[in-house]
Amino acid sequence: MKLILLFIHVLTAVILASLFWMFPRKFRDSLVRWWARRLLHIFKIRVVIENPHRTSLDQQNYLVAANHISWLDIHILNSIKPLTFVAKSEVGSWPVFGYLARQIGTLFIVRERVSDIKRVIKEMQAQFVHRSICIFPEGTSSDGRSILPLKSNLFQGAIDANRPVLPVLIQFRQQGRYSDVPIFVGDMGLLSSIRRISSHDNLEAHIYLIQPINNESNRRQLCAAVENSLLKQMACLRDNENM
């Protein structure tokens, strides 16, 4: 049943995405948020925002720097507040989901090309006027048990635009314990990941909003400060839970 509902939901998204150019920005954002929430509902994934008193994605436009576990990460964050994402160029070639990512304004990057990094940093400046931008500075996905070393290049976008960085830690749980069901690593295919997730119920995505950072003078210092914040939050989870 989940896969049937998912097929209908994705088909609806393709139709709506083809008409995106007709809609004002606020209405497009509302559609993106609705679609993300409906997707998570189909998979029976509940989003839990931890320590929301610290900050809010509605306060201002941030550079959101999140750890990366699954293709679901984008939809989970969009269910809270629609963001502009920077994604690796391969995502743009995914069937259907790549098309949808392009339609909602995802910035695609070839990380190995310095010229492409500079292009994306420049495009980030225009996006910051309207909304927050999210990057996954680990550069790849992990199993969520640790934080991989962060890459500093895209933090230059926050410095150039004078925007604070909001570190965000994502962790998946099931029945109160760490879950590896949604992880999307190695050679795993998108369809096999969808089947794996759809075979489980009662998944939770816990989102930890960490204190924003805006007082670093260069991208390497900023990157190091964000990495330290994520590592501290991860260590805190280990101290309080059996991961």
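Salt bridges in the predicted model

Analyst: Asp 29 forms a salt bridge with Arg 131, their closest N and O atoms lying 2.1 Å apart. The two residues connect distant parts of the chain, 102 residues apart: Asp 29 belongs to helix α2 (residues 25–42), and Arg 131 to the loop between α5 (114–128) and β5 (133–135). Helices (H or I, at least four residues) and strands (E, at least two) are DSSP runs, numbered from the N terminus. This is a predicted model, in which local features need pLDDT of at least 70 and side-chain atom pairs count only at pLDDT 80 or more, while totals for chains, interfaces and linings use all residues. Residues are numbered from 1 along each chain as its sequence is written, and side-chain values use heavy atoms, with hydrogens and water left out.

User: What is a salt bridge, and how many does a search of the whole structure find?

Analyst: Side chains of opposite charge can pair when their charged atoms come close. The criterion is a side-chain nitrogen of Lys or Arg within 4 Å of a carboxyl oxygen of Asp or Glu. The search finds six salt bridges.

User: Is Arg 131 buried or exposed?

Analyst: Buried means under 20% relative accessible area, exposed over 50%, and partly exposed in between (1.4 Å probe, protein chains only). Arg 131, at 10%, is buried.

User: Which residues are linked with Arg 119 in a network of salt bridges?

Analyst: Asp 116 and Glu 123 are linked with Arg 119 in that network. Glu 123 and Arg 119 pair at 3.0 Å, N to O, and both lie in helix α5, four residues apart, about one turn of the helix.
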